[in-house]
Number of protein chains: 2
Amino acid sequence: MTARLTIALDVMGGDRAPAVVIDGANIARERFPNVDFLMVGDEQRIAPLLARLPLLQKVSQILHTDKSVSADEKPSVALRTGRQSSMRLALDAVADGRAVAAVSAGNTGALMAMAKLSLRTVPGIDRPAIASILPSQRGETVMLDLGANVACDAENLVQFAIMGDAFARAVLGLVNPSIGLLNIGSEEMKGREELRQAAALLRESPLAAQFKGFVEGNNLSSGTVDVVVTDGFTGNVALKTAEGTAQLIVHLLRESFKSSIWARVAYLLMRPALSQFRNRVDPRRYNGAVFVGLNGIAVKSHGGTDGLGFANAIGVAVDMAMHGFLDKIRGQIAALQATAAEPVSAVSVVP
Amino acid sequence: MTARLTIALDVMGGDRAPAVVIDGANIARERFPNVDFLMVGDEQRIAPLLARLPLLQKVSQILHTDKSVSADEKPSVALRTGRQSSMRLALDAVADGRAVAAVSAGNTGALMAMAKLSLRTVPGIDRPAIASILPSQRGETVMLDLGANVACDAENLVQFAIMGDAFARAVLGLVNPSIGLLNIGSEEMKGREELRQAAALLRESPLAAQFKGFVEGNNLSSGTVDVVVTDGFTGNVALKTAEGTAQLIVHLLRESFKSSIWARVAYLLMRPALSQFRNRVDPRRYNGAVFVGLNGIAVKSHGGTDGLGFANAIGVAVDMAMHGFLDKIRGQIAALQATAAEPVSAVSVVP
């Protein structure tokens, strides 16, 4: 029998909270029979929704608060005034062990700031990062950082590689995922100095066998490597560029399907095949950006998602908790520190 | 009657040179009856190809050299040893006024290095950039820099905005194109310091009315602004991410069309509509990255393109030459220097 896991939900976060959060939890309940929910938020609004879903109600406990963080609140303000907010209390439940993970569709900046304060970074990790999964031609690719750090040095990037490795193992179930550093490959340029340094460090690290060197923007979706490591500025631009390009292509395609009577007939014939295609690139399927590098699991759902999308964000949290994501990071950090220590001790015995 | 323009072609550059270059010139000849070609390369290989195309032969002159820059040659080596190469002689023809623009499908790094040396930067521009056109939902977007400069300061970015403005006017025929600075918009971040500085400078510049502030990765293809300005690292990653995403979607779509007998029938019905779609996102249509900021026009064609793609690269060169691209840049630089000078003189009259 699998041990039961408790996931804390910020029931008040997101554009259509609390309904979408409760819907999402109900879908996740079917998928993960070993999961209990700590529903953090306004009891008066949560209880009536739960009353209609007795199976969900059975595995849920409400932690009442009438405070919540608004979508446009500044992270600094949220930190100062939001100590009793549903977002903060969900994170605190992870910090003190009442839950294994927190999921919120609320304000990203506030969630990041609160998660750092409440969960703190794993010893050996200087800065947390945001990681997510993207579709690729070979399946799925993990990318990080997606926006937590505008500039990163070589050590940060090596730490991101460690976190990306643990994430790919826990969430995608990969054994020894391949890792690449995002760079530019034009002949006149060899990219940025910190990238060359990070590559040198990775070649000497416990991840050496998995590290495949530099990759370029097009390798994100070709699936050349399983984990793409970059700074948060570049990662955020790349992620949004990919989303925008997908929207453009779907838009142009929709125009094609409307362009003639034959194309309209074709559309009807294509519908089942297209729904498969749509499912493959459905943003809800890739919902759930994770703050990695903290002493606890915090997953950010898209604010505008629906129940299915929120359930997928819960799924990411459950996968991370069930597959020992944090232990994997701690193990790699220890291994890295051991290899980093080696040359020093070797030097110390030389007279 | 329109004055005749001479375009210098590096006939030996590119994966399938010289055939593709000659094919491209022949297609361009039909489109631009006022263009003459200076065909730089091996006469023994060019002459027989031209002999089969009498109309092209009539508007072409061969500048013979048996030297060329190889695809994998280091820029520094090409600079030192390639003074008599077809690439360098084509650029030199622009430098001394025998041609208005040079087009090459050869080694990007070597072309950039040689173009800087041969053409030199426009006074007031510190660093040249690479610009290109991308498809968007609203038509087309100009983006720069695409890889010439891995890191840029605020002044560089302002100069890129000036060059992007001139490019959009000359090549897309836009009046007062809107301009955006590529940044990340997540709540916890306000992006990079140099971007905030560049935004402040642009708000005080002659481009103030056209400057729309920050844009994000998805705005590249939504067409929110006409010109997207960024550093060469971010621009290169974004461009390649967009290319990769488009390939992924087309790949998934092709799988959908194969997934059932009905989908195959649909594909047949869709073919005319899809060819329209394909044309809209055809990389050949967007072939021709331009080195902007130099005292002359140098256009880089994709090395693996075909005749149609090469003709489009020639088209970009012709548009820039015919619509006074260089004069537009020089005018804006002068206007910028005038506004930058103003506060100083204002201060000097205060006692």
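Two strands are taken as paired if DSSP finds at least two bridges between them. On this basis, in the predicted model, 11 strands of chain A form an open sheet of mixed pairing, in the order β3-β2-β1-β4-β11-β10-β5-β6-β9-β7-β8. From one strand to the next, the twist averages 25°.

Helix α6 (residues 108–119) of chain A touches β4 (101–104), β10 (289–292) and β11 (297–300) of chain A, and the direction of α6 makes about 180° with that of β11(A). Helix α7 (residues 154–171) of chain A packs on the sheet as well, touching β5 (129–136), β6 (139–144), β7, β9 (227–229) and β10 of chain A. The direction of α7 makes about 160° with that of β9(A).

In the interface, 62 residues of chain B are in contact with 62 residues of chain A. On the side of chain B that touches chain A, the elements giving two or more residues are α6 (108–119), β5 (129–136), α9 (219–222), α10 (232–257) and α11 (261–281) of chain B. The most is given by α10(B), with 21 residues. By class, this side of chain B divides into 31 nonpolar, 24 polar and seven charged residues.

One helix pair across the interface was characterised further. Two packed helices are described by the angle between their axes and the distance between the axes. The axes of helix α11 (residues 261–281) of chain A and α10(B) come within 8 Å and cross at roughly 150°. Because angles over 145 degrees count as roughly antiparallel, α11(A) is roughly antiparallel to α10(B). The crossing in which α11(A) passes α10(B) is right-handed. In this contact, A:Ala273, A:Leu274, A:Gln276, A:Phe277, A:Arg280 and A:Val281 of α11(A) meet B:Ile249, B:Leu252, B:Leu253, B:Ser256 and B:Phe257 of α10(B). The residues of this helix contact comprise eight nonpolar, two polar and one charged.

How values were computed
Residues numbered from 1 in each chain as written. Chains lettered and ligands numbered in written order. Predicted model: local features only at pLDDT ≥ 70, side-chain atom pairs only at ≥ 80, totals over all residues. Contact = placed C-beta atoms within 7 Å. Helix = DSSP H or I, 4+ residues; strand = E, 2+ residues; numbered from the N terminus. Nonpolar A, V, L, I, M, F, W, Y, C, P; charged D, E, K, R; others polar. Axes fitted to C-alpha atoms, helices over the stretch in contact; angles between N-to-C directions. Parallel < 35°, antiparallel > 145°, perpendicular 65-115°, else oblique. Left-handed = near helix turned anticlockwise from the far one by under 90°.
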